[in-house]
Amino acid sequence: MLPYINKPFEFLSGIVGASPDELKLIFSFFISYPLAGLLKRVPDARPEYKNAFVISGGLFYLVGLYSLWTGVRTLFISSAVTYALAHYLRTSAYMPWITFVFLMSHMAVNQLTRQFADNPAEIDITGAQMVLVMKLSAFAWNVADGTLPEDQLSDFQKSRRILKLPSLLDYAGYVLFFPSLLTGPAFDYNEYRGWLDCTMFDVPATIDPAKKPPTRKKRKIPRSATPAMWKLASGCIWVYLFLNLIKYYSHEVLLDDQFMKLGLLRRIFTMHMVGFTARTKYYGVWSMAEGSCILAGLGYNGVDPVTGKISWDRLQNINPWGVETAQNSRAYLGNWNMNTNKWLRYYVYLRVTPRNRKPGFRASMATFVTSAFWHGFYPGYYLSFVLASFVQQAAKNYRRTIRPFFLDPVTQKPLPSKKYYDFASWLATQTTFSFVVAPFVILRFDQSILAWSRVYFYAVLSTGASMAFFASPAKKQLRAVLEKRTKDVGAKMVRSASADSVTGPGREPVLGVSEDPGRDIDEAIQEIRVEVERARTGTLEVGRRGRSDSRKEQ
């Protein structure tokens, strides 16, 4: 740690009530902006200078600000082992799996150490390591994809594959990219490489030269100060909200005896505000981190050929409006920690699925387990994940069975009554997930159950009742009513485009949370039956061969 750097944070800590390490984290976000502005001004033709600047900035955060010497060692071990495996086992089909298991195991050791230390106010290396696990496991898969023929790769894999291992300097810059080092967002190596050599900013020849992104002097990186400052401003607002709300809505409120003196509706509202207050911290942190990445240029995501408007959402990790206005569980989870969603989809869910086969139970289970272990080992995480899976299934049944009653059977456009369904869906989603995420904030099992019991397990009961209802003959009766309603107007019944179906594939888990645990369990049972039958058939076949051989010998 730099001499005397801790003094101002200790002084401010006594004024605002936050720990020195938490204040350092906020300071690191602010200082990332002038540093990112300087980084952007490094000549485009000198990528080695950019790497040196990035590495220096990353080491300043880890050592100069936090004195995380053991953290540097942790990141070095993860990075060095990953690079070595990619180098020596590059053509092995097992290389990315070995890398993934090593990275997850290495991170698990540090997460357990942090959990046993039980000091959440202290900043350690686990946050940065969680980000690095995503980057390095993706790196291993990208290297493996570079050894495969193009006809075996999807468009996403083709854009991310690494044909030649990067130099150690480029690799170190990718690992220690300081604007996203401590809290993310994560990104793939080819994105970093495209930013480094400025090929990311190449404009297609089909775009009108008058609509090309404006740049300064001879730099290829477009001007990005305005969108970066908007992200900084929004992040500051969220942090300000957090610092003010946490005084009244920390998770300890749910465990205090005074909580039970409130009426039930007030207790449910308080639980919602505890979850909202916890989210504001992440809204602020991730928005500020994304803004510094935008200022450096890495957030660039192309230009609209018609309007000439630049997109800066390549590294968007959070959509607060999408979360707070979500009308279903998939939208709620899909707008939260978006880069982790992307990593789980492309580097876990689709990777455990054999080529030319549809993902099934194994892919869903692998994604669920990975997401849970990646977050850590606090029991509260697992309570939230398991309940969220069943909430997803109940919500899907409502969208498929109840929602069509509020749509025109011919045009599938919303009826005037649809606004009532939308409000009810929003209210149900928000109050249900306020209950679901409470253990995620509380962490401990006994305290999580206590908090749930104080609102009478309302989300567990409502979810269970919903699943029981849709498992009963009532579901078939509702479907019959819908079919009759459609036939009466001479139309053919079609599946409506709900929010989850228009925003992406509806089957894959979001943040590892399965959309249909019931179907996953059925698939698991079916797979077990197939394996048992295969084993039994194989045993019988071996027995027949043995008897046949013995007859021949006689």
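Is Tyr-189 buried or exposed? At 3% relative accessibility, Tyr-189 counts as buried, a class that means under 20% relative accessible area, whereas exposed means over 50% and partly exposed lies in between (1.4 Å probe, protein chains only).

The model is predicted, so local features need pLDDT of at least 70 and side-chain atom pairs count only at pLDDT 80 or more, while totals for chains, interfaces and linings use all residues. Residues are numbered from 1 along each chain as its sequence is written, and side-chain values use heavy atoms, with hydrogens and water left out.

The structure holds 40 aromatic pairs. Rings of Phe, Tyr and Trp (its six-membered ring) pair if their centres lie within 6.5 Å; planes under 30 degrees apart count as stacked, over 60 as edge-to-face and the rest as tilted. One of the pairs joins Phe-139 and Tyr-189, whose ring centres are 6.1 Å apart with planes at 85°, so the arrangement is edge-to-face. Phe-139 belongs to helix H6 (residues 126-145) and Tyr-189 to helix H9 (residues 189-196), so the pair ties together parts that are 50 residues apart in sequence. Helices here are DSSP runs (H or I, at least four residues), numbered from the N terminus. Like Tyr-189, Phe-139 is buried, at 0% relative accessibility.

Another edge-to-face pair is that of Tyr-282 and Trp-336, with ring centres 5.6 Å apart and planes at 70°. Tyr-282 lies in helix H11 (residues 264-296), and Trp-336 in the loop between helix H13 (329-334) and helix H14 (338-349), so this pair links parts 54 residues apart in sequence. Tyr-282 is partly exposed at 35% relative accessibility, whereas Trp-336 is buried at 18%.

Helix H1 (residues 6-16) contains Ile-15, and Phe-9 is found in helix H1 as well. Phe-9 is buried at 7% relative accessibility, while Ile-15 is exposed at 56%. The C-alpha atoms of Phe-9 and Leu-23 are 6.3 Å apart, although the two are separated by 14 residues in sequence.

Ile-15 also forms a nonpolar surface patch with Phe-11, Leu-12 and Val-16, with about 410 Å² of accessible area together. Patches are made of residues with over 30% relative accessible area and no salt bridge: like charges are joined within 9 Å, and nonpolar side chains (Val, Leu, Ile, Met, Phe, Trp, Tyr) within 5 Å. A salt bridge is a side-chain nitrogen of Lys or Arg within 4 Å of a carboxyl oxygen of Asp or Glu.

A positive surface patch is made up of Arg-41, Arg-216, Lys-217 and Arg-223. Arg-41 is located in the loop between helix H2 (20-40) and helix H3 (47-65), and is partly exposed at 48% relative accessible area.

Notes:
Areas by Shrake-Rupley, 256 points an atom, 1.4 Å probe, with all protein chains shown as cover. Lys, Arg positive; Asp, Glu negative; His and termini not counted. Charge placed at Lys NZ, Arg CZ, Asp CG, Glu CD. Helix = DSSP H or I, 4+ residues; strand = E, 2+ residues; numbered from the N terminus.
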